[in-house]
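Open the model in your viewer and keep the selection tool at hand. The stops below go from the whole chain to single residues.

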Amino acid sequence: MKIGYTTGVFDMFHIGHLNIFKQAKDFCDFLIVGVSTDELCQKLKNKIPVIPFSERIEIVSSIKYVDIVFTQTKIDRIADFNKYHFNIMFKGDDWKNSSEYKKSEKTMKELGIEIMFFPYTQSTSSTTLRKFIE
C-alpha cells in the first residue's frame, strides 16, 4: 500500500494546492496532509496566514483526495514518519533545490521514502494572491 505525505500552510487555498492533492492521490492509496499552524508559519516564514488555521484545516479536511489531516506544529518528518509510516512524500518542485530539502533527502532515502516533485503552479500562489490583495 502506498501511503503519501505532504505538508503546507495552504493559505488562501487555490488551484496549486488542489493540484498537489489531486496529483498525489494518483500515486498513492492513502494521502496524509499536515497543515501548518499560524505560529509555525510565523516562525518559518515570518508572516501570519491570511486564512486562520482553523479554517485552513477545515478546508483541507474537506478535499476528497485527502484521507487524514494533522496539525503541523513543527517540521519533524522523522516523527511524522514514525507516526504515519508513509512511503512517498510529495512536494512542489520549488522545494527541490532548497537547503531544507538537501538536509532531509538523505534521511528520507535511508528510511525508504520516495520523494516525488510536482510542478509549481506559476500562475497562482499564495504569495501572488497576497501581493494582489495588498
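**Whole chain**

The coordinates belong to a predicted model. Six helices and five strands are present, and along the sequence they follow the pattern β-α-β-α-α-β-α-β-α-β-α. The radius of gyration of the protein chain is 14 Å, close to the 14 Å that the globule rule gives for 134 residues, so the chain is as compact as a globular protein of that length. Along the principal axes, the C-alpha atoms fill a box of roughly 45 × 30 × 25 Å.

Switch to a surface. The protein chain exposes about 7700 Å², and carbon and sulfur atoms supply 53% of that area. Of the 134 residues, 45% are buried. Among contacts with a separation of 6 or more, 75% are between residues 24 or more positions apart.

**The largest nonpolar core**

Select F21, L31, V33, V60, V66 and F90 and show their side chains. Within the largest nonpolar core, which has 18 residues, these six touch the most other members. At least two residues of this core come from each of α1 (15-27), β2, α3 (53-61), β4 and β5 (114-118). In general, nonpolar side chains in soluble globular proteins tend to be buried together.

Center on V66. Leaving aside neighbours within four places in sequence, V66 is in contact with F21, L31, V33 and V60.

Next, select F90, which is found in strand β4. Is F90 buried or exposed? Its relative accessible area is 0%, and because buried means under 20%, F90 counts as buried. Not counting residues up to four places away in sequence, F90 touches G4, Y5, T6, A24, F27, C28, L31, M116 and F118. For a distance check, pick the C-alpha atoms of F90 and Q23: the two residues are 67 residues apart along the chain, and these atoms are separated by 9.1 Å.

Begin with helix α4, residues 77-84. Which residues of α4 are buried? They are R77, D80, F81 and Y84. These residues cover an arc of only 100 degrees around the axis, which puts them on the same side of α4. An α-helix has 3.6 residues a turn, so residues three or four places apart point the same way. To see what covers the buried residues of α4, display β1 (3-8), β2, β3 (68-72), β4 (88-92) and α5 (99-110), which are included in the cover.

Now move to α5. Its buried residues are Y101, S104 and M108. Seen down the axis of α5, they fall within an arc of 85 degrees, so they line one face of the helix. The face turned away from this buried side carries the exposed residues S99, K102, K103, K106 and E110. Cover over the buried residues of α5 includes α4, β4 and β5.

**Positive phi values**

- H85 is found in the loop between α4 and β4. Just after α4, H85 takes a positive phi of about 55 degrees, and H85 is a residue other than glycine.
- M12 is found in the loop between β1 and α1. Although M12 is not a glycine, M12 has a positive phi of about 45 degrees. With a relative accessible area of 9%, M12 is buried.

**Last stop: S36**

Select S36, which has its place in strand β2, residues 30-36. At 5% relative accessibility, S36 counts as buried. What does S36 touch, not counting residues up to four places away in sequence? The residues are G8, V9, F53, R56 and Q72. Of these contacts, show the side chain of Q72 next to that of S36: a polar contact of 2.8 Å joins the two side chains.

Note on methods: Residues are numbered from 1 along each chain as its sequence is written. This is a predicted model: local features need pLDDT of at least 70, side-chain atom pairs count only at pLDDT 80 or more; totals for chains, interfaces and linings use all residues. Side-chain values use heavy atoms; hydrogens and water are left out. Helices (H or I, at least four residues) and strands (E, at least two) are DSSP runs, numbered from the N terminus. Buried means under 20% relative accessible area, exposed over 50%, partly exposed in between (1.4 Å probe, protein chains only). A polar contact is a pair of N or O atoms within 3.5 Å; within protein, one must be able to donate a hydrogen and the other to accept it, and residues adjacent in sequence count only if both atoms are side-chain atoms. Contact means heavy atoms within 4.5 Å. The arc is that of the directions from the helix axis to the C-beta atoms. A nonpolar core is a set of buried Ala, Val, Leu, Ile, Met, Phe, Trp, Tyr and Cys residues joined through side-chain atoms within 4.5 Å. The radius of gyration is taken over C-alpha atoms; the globule rule is 2.2 Å times the number of residues to the power 0.38. Accessible areas come from the Shrake-Rupley method with a 1.4 Å probe; for residues, only the protein chains shown count as cover.
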